[in-house]
Amino acid sequence: MAHPLAAQLNSLLAALILLSAFALLTQRKKMAIVHTFAWQGLFLAISTAVIGFASGEHHLYISSLLTLAMKVILLPYILYSLIIKLKIHREIDAVVNIPSTMLIGLVLVVFSYHLTAPIRELSSLMTRSTLAVALATVMLGMLMMVTRRHAVTQILGFLEMENGLFFAATSATYGMPMVVELGVALDLLIAAFIFGIFFFHINTNFDSLDVDQMAKLREMD
Amino acid sequence: MIILSLLGISILVALILAFVGDWKYAPEVNISGSLLTFAVSLVLAFQVYGEGGSVAGSTYFFVDYLNISLVVLTTLVSTTTAIFSRRYMRLEREHGRVGHWRMRFYHAMFQLFIFAMLIALLTNNFGVLWISMELATLATVLLVSLYRTPNSIEAAWKYFILCGVGIAQALFGTVLLYFAAERVLGAGGDALLWTNLSRVSAQLDPTVLRLAFVFLMVGYGTKAGLVPLHNWLPDAHSEGPTPISAVLSGLLLNIALYALIRCKALVDGSLGPGFAGNIMMGFGLISLLTAAFSMLRQKDIKRLFAYSSIEHMGIATFAFGLGGPLATFGGVLHMLVHSLAKSATFFSVGHAAQMHGTQEMAKIRGLIKGNPAVGWGLFLGVMALAGMPPFGIFTSEFLILTATMKEAPWLAPPLLLGLTVAFAALFFKVQPMVAGGKAPGQQALTAANIPVFLHLALVLAPGVYLPVFLADWFHLAVEILR
């Protein structure tokens with residue numbers, strides 16, 4: 001590869017993204033989770049720019065800026081102000097058994113490497129080895145949504161999955177076509193608008209954002 | 001040009017309704033917008049027929065026999081739903097369940113939803129297909145929670161989160177598909193175009209496509225409500241306003257299945273039939289059986305029909321998985337007639353629930369005595385859904401069953417079991433609701449009858465007599481999938 005430094009930098013950033021994914025799994029304070037999410041977005045934006053520089057695919061600069069605007073500034077800001085407005089910044093998530101969650105997370109990472117192994121063989125891109133990290137981030141986001149019972153935290157898991165998907169696109173193919181990336185960003189923006197409304201609805205109807213309270217629609221046996 | 005005006009109308013009407021959606025004549029604006037879209041889609045259909053195949057696949061859109069059939073269906077059902085929603089929502093407003101702002105929101109989002117589905121059907125790009133699927137979901141999330149009751153908010157949250165997680169898998173699948181395509185077609189936006197991909201599908205790397213299909217199956221399978229990814233569906237389809245239930249069950253599930261069969265066609269090109277087909281047959285059969293048995297213990301009328309949607313999606317998925325001209329023909333026909341019959345049934349169900357002020361089946365009695373049109377509409381709709389001759393669903397299920405007997409006879413007994421249980425559940429739950437004396441406290445209402453009976457007539461048509469040109473049309477649509 002023409003840019004050994006870029007490849008190494010990219011691996012470092014991938015490691016940081018994975019690290020922040022694990023950090024998200026263990027954080028208990030709302031604000032800390034939002035901050036960690038913003039850091040993850042920043043690593044993602046830098047990594048996209050680095051790949052764009054090393055590969056000469058200049059459209060990745062636009063993607064990088066888009067990530068910076070959406071995932072580092074806009075979404076954390078929206079979540080931040082929602083948390084303040086709903087007065088839940090002091091609440092602490094009830095997290096059961098962090099060690100076993102971490103262990104499941106580790107298994108998911110190994111599984112991701114296993115799953116993407118055939119693709120690593122085929123690809124000649126310098127980013128091929130980070131695809132596993134991307135898939136792991138998606139899975140860790142899913143794990144976070146399953147293990148946490150708070151609406152805000154679940155949304156952060158959802159957004160983390162989106163980070164993972166974006167990272168997958170940059171590492172597997174140097175990014176999706178521009179029209180697709182813009183469309184995904186638009187969907188994300190609408191989703192942000194919707195979950196903002198949801199937080200208020202859930203809060204007024206259930207007096208809390210704990211989703212365990214919403215358990216009426218179970219199948220009757 | 002026609003395609004652009006087709007999409008333009010719905011987005012323009014959505015914008016207008018965002019401002020005047022609570023106006024006295026807003027439902028009429030909604031109807032005329034949908035009707036206009038329907039007319040344009042018919043023009044497009046004739047153009048496709050005239051040019052004998054596909055209207056030029058550009059970078060953005062393409063039209064062939066398969067997707068134009070679904071476009072015409074989508075615009076037709078959206079028009080009849082708009083007609084039904086005029087009466088229905090007026091009553092809801094009189095009952096004080098929705099206010100001014102929510103009417104504006106409702107009308108605007110209805111058209112945006114149609115817009116998203118039309119893009120999903122017409123786009124040539126697999127990435128845009130994903131985006132518009134997600135847009136269609138997002139447009140309907142807040143419609144499910146329109147009444148702001150705790151139950152509806154719970155349903156909408158589940159819909160938002162579970163479908164969000166599900167469809168994220170489909171995006172990962174799309175990334176993998178792009179990865180495989182780029183190696184053949186070169187970098188750039190053209191590598192995700194269906195018209196290019198279907199040309200080179202034999203050269204796509206089988207290992208990557210196998211992995212991609214698993215992710216695509218989970219993603220779009222969630223949206224199509226296939227078991228075990230169906231948890232959100234009964235809630236989302238039963239808690240929202242009934243017009244939305246009708247389009248969610250009748251249209252959005254079809255779009256998800258459409259995405260899935262397009263993916264299958266590509267995977268088959270690379271891996272040969274078998275891999276994708278077997279997965280789809282498994283999902284389809286499990287969905288059919290689980291949904292059929294779940295229907296037996298439902299107490300809420302809209303949940304009953306939500307499960308019936310899972311059942312029918314299962315049948316169609318099974319048929320496409322089985323493959324071959326006969327089963328695929330049955331599958332395409334099944335998608336079309338199920339959509340019409342299900343939305344017609346939901347229209348009757350909506351009025352029945354309004355007459356009794358509840359969705360609980362035990363409290364709905366004597367519909368035929370109370371309002372013959374609603375009662376008979378519900379009864380005939382259910383007979384159509386249960387697969388009674390001479391309705392079109394009988395024809396499609398018969399075709400699928402015949403193909404199963406021929407291709408995979410050991411799967412015919414479970415298929416037949418599912419169909420029988422579903423029939424029994426529907427018949428015994430609905431019969432006491434329509435027959436017998438009126439329930440105490442039943443209210444009279446003026447129902448919107450045209451949509452129901454128009455749909456039922458259209459469902460009847462293929463069961464009685466399928467015009468030659470339509471049969472040809474379906475055969476050509478089936479050709480695309482082989």
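## Two helices side by side

At what angle do the axes of helix α15 and helix α18 of chain B cross? In this predicted model, the axes of α15 (residues 372-385) and α18 (residues 450-464) of chain B cross at roughly 30° and come within 10 Å. Angles under 35 degrees count as roughly parallel, so α15(B) is roughly parallel to α18(B). The crossing of α15(B) with α18(B) is left-handed.

Now look at the residues that meet. From α15(B) come B:G377, B:L380, B:G381 and B:A384, and from α18(B) come B:V452, B:F453, B:L456 and B:V459. Sorted by class, this contact of α15(B) with α18(B) holds six nonpolar residues, two polar ones and no charged ones.

## Where the chains touch

Next, follow chain B to its partner. Here 37 residues of chain B are in contact with 36 residues of chain A. On the chain B side, α5 (126-144), α6 (150-185) and α8 (206-223) each supply at least two residues. The most come from α6(B), which gives 17 residues.

What classes make up the side of chain B that touches chain A? That side has 22 nonpolar, eight polar and seven charged residues.

## The nonpolar core

The largest nonpolar core has 251 residues. Helix α6(B) turns up again here, with the largest share of this core, 21 residues.

Which residues have the most contacts inside the core? They are B:M117 and B:I255. Leaving aside neighbours within four places in sequence, B:M117 is in contact with B:T74, B:A136, B:L251, B:L252 and B:I255.

Note on methods:
Residues are numbered from 1 along each chain as its sequence is written. Chains are lettered from A and ligands numbered from 1 in the order in which they are written. This is a predicted model: local features need pLDDT of at least 70, side-chain atom pairs count only at pLDDT 80 or more; totals for chains, interfaces and linings use all residues. Axes are lines fitted to C-alpha atoms, for helices over the stretch in contact, and angles run from 0 to 180 degrees between N-to-C directions. Helices (H or I, at least four residues) and strands (E, at least two) are DSSP runs, numbered from the N terminus. Angles under 35 degrees count as roughly parallel, over 145 as roughly antiparallel, 65 to 115 as roughly perpendicular and the rest as oblique. A crossing is left-handed if the near helix is turned anticlockwise from the far one by less than a right angle, and right-handed if clockwise. Two residues are in contact if their C-beta atoms, placed from the backbone, lie within 7 Å. Ala, Val, Leu, Ile, Met, Phe, Trp, Tyr, Cys and Pro count as nonpolar, Asp, Glu, Lys and Arg as charged, and the others, Gly among them, as polar. A nonpolar core is a set of buried Ala, Val, Leu, Ile, Met, Phe, Trp, Tyr and Cys residues joined through C-beta atoms within 7 Å. A residue is buried if 20 or more other C-beta atoms lie within 10 Å of its own, exposed if 12 or fewer, and partly exposed in between; C-beta atoms are placed from the backbone.
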